[in-house]
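Hi,

Here is the structure I said I'd pass on. Have a look at it first, and my notes follow below.

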Amino acid sequence: MNAKPGASGLGPSAGMDAGEIRKQLRDPQKVDALRQKIHSLCVQPMTFMEVCGTHTQAVFQYGLRQILPPELTLLSGPGCPVCVTSDAYIERARQLAGMPDVTICTFGDLMRVPSSNGTLEKARTECGADVRITYSPWDALLIAKNEPARKVVFLGVGFETTAPLSAATIQAAHKQNIQNFYLFSAHKTMPQPMRALAAGGDIVLDGFICPGHVSTITGCEPYRFLAEEYGKPCVVAGFEPTDIMQALAMLAAQVREGRAEVENQYERLVRTEGNRKAVAVMQDVFEARNDDWRGLGTVPGSGLGIREQYAAHDLERWDLPPLPELPPERGCVCGDVLRGAKRPEQCALFGKACTPDRPRGPCMVSHEGTCNAHYRYNR
């Protein structure tokens with residue numbers, strides 16, 4: 001059963017260069033035509049959720065919420081990997097950073113995520129920890145190769161988009177016998193938290209905008225259960241204004257017609273079957289496990305742990321001291337925001353004690369975080 005395409009005639013034509021394509025996808029007249037279509041379809045209240053941080057950022061950047069009908073509520077979900085990473089993971093990373101023979105390699109956003117005892121950035125600047133910002137796990141592998149006396153730990157945070165690269169790096173370390181490279185995996189997969197959201201909780205959703213970047217790897221089929229088991233319409237979407245508006249029109253049409261299907265608006269990059277080579281690499285190195293999501297708790301089968309074959313590169317197989325008991329969050333409602341239960345403006349810290357320059361929670365740290373997007377584009 002294939003994902004239905006979104007044949008609209010609104011996409012770019014073959015032969016266009018990148019500038020022409022971008023102009024077509026941001027054409028105000030096309031956006032307005034889609035706005036009118038959405039208004040005509042929303043004759044009843046509808047609530048949709050985008051579960052990709054890049055969608056969240058694009059929705060606010062282009063001011064799309066302001067042109068939607070009052071009957072349509074668009075919520076932001078747990079689509080920012082930095083935001084959903086648990087306090088325990090951050091605290092363990094800080095603990096590792098304090099070890100004299102350990103080098104921590106991480107993406108930049110994770111440096112500023114606060115735990116109960118501070119940030120990795122603070123550990124580096126105030127405690128002299130060897131924490132380095134890298135652009136990929138390959139950079140960390142090169143450091144391990146060049147500095148064999150160091151234990152180099154890459155903080156693997158991300159969804160199916162970034163997990164294949166982490167997996168390929170572990171394969172390379174294994175093949176080259178680079179024994180001082182380790183991955184601390186917080187890689188997660190998106191369908192399972194979407195199941196948790198569809199199954200009910202604080203809010204009732206009428207449909208999902210499915211993540212575009214993730215879907216270039218996984219394809220469309222992983223969302224099939226949302227339509228068939230839960231009756232939730234799904235549309236895989238791109239990130240330009242016409243992409244998102246078309247996806248909303250497609251979702252609204254499904255609700256209006258009483259359908260629940262998986263449709264692919266992002267046909268120019270997403271194939272139904274996904275990227276099979278990337279999936280194969282990921283499946284070779286990782287296996288599913290339960291994992292903790294900020295705001296959702298433990299989600300069964302949503303994490304990616306390292307298989308026994310590659311245990312030599314698995315940080316979690318180290319004999320580490322237990323973590324101290326972590327106090328509950330005080331004031332920050334990032335977890336509620338991530339499941340769509342609260343808006344950032346409903347947090348007492350938002351825009352006051354918590355800003356992008358002084359983040360109190362991870363939803364304000366990452367540019368894909370909902371609080372960060374609200375702050376930057378709604379002020």
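Before the strands, one term: two strands pair if DSSP finds at least two bridges between them. Helices (H or I, at least four residues) and strands (E, at least two) are DSSP runs, numbered from the N terminus. Keep in mind that this is a predicted model, where local features need pLDDT of at least 70, side-chain atom pairs count only at pLDDT 80 or more, and totals for chains, interfaces and linings use all residues. Residues are numbered from 1 along each chain as its sequence is written, and side-chain values use heavy atoms, with hydrogens and water left out.

Four strands form an open sheet in the order 5-4-6-7, with parallel pairing. At its edges are strand 5 (131-133) and strand 7 (181-187), each pairing on one side only. Strand 4 (residues 102-106) and strand 6 (residues 151-158) are joined in the parallel sense over 4 bridges; Thr-103 has Val-152 of strand 6 as its bridge partner.

Now helix 8. Helix 8 (residues 163-176) lies across strand 6 and strand 7, at about 160° to strand 7. (Axes are lines fitted to C-alpha atoms, for helices over the stretch in contact, and angles run from 0 to 180 degrees between N-to-C directions; contact means heavy atoms within 4.5 Å.) Its axis and that of helix 13 (residues 276-285) come within 8 Å and cross at roughly 60°. That makes helix 8 oblique to helix 13 (under 35 degrees counts as roughly parallel, over 145 as roughly antiparallel, 65 to 115 as roughly perpendicular and the rest as oblique). Residues of helix 8 that meet helix 13 include Ala-163, Ala-167 and Ile-170, with Ala-278, Val-281 and Val-285 among those on the helix 13 side.

Which residues touch the most other members of the largest nonpolar core? They are Val-153, Leu-155, Phe-208 and Tyr-223, in a core of 68 residues. Helix 5 (residues 87-97) gives the largest share, 5 residues. (Such a core is a set of buried Ala, Val, Leu, Ile, Met, Phe, Trp, Tyr and Cys residues joined through side-chain atoms within 4.5 Å; buried means under 20% relative accessible area, exposed over 50%, partly exposed in between, with a 1.4 Å probe and protein chains only.) Leaving aside neighbours within four places in sequence, Tyr-223 has contacts including Met-194, Cys-210 and Val-262.

Last, helix 16 (residues 370-377): 6 of its 8 residues are buried, so helix 16 is largely enclosed by the rest of the structure. Cys-371 and His-374 are among the buried ones, and the cover includes helix 3 (53-61) and strand 3 (72-76).

Cheers
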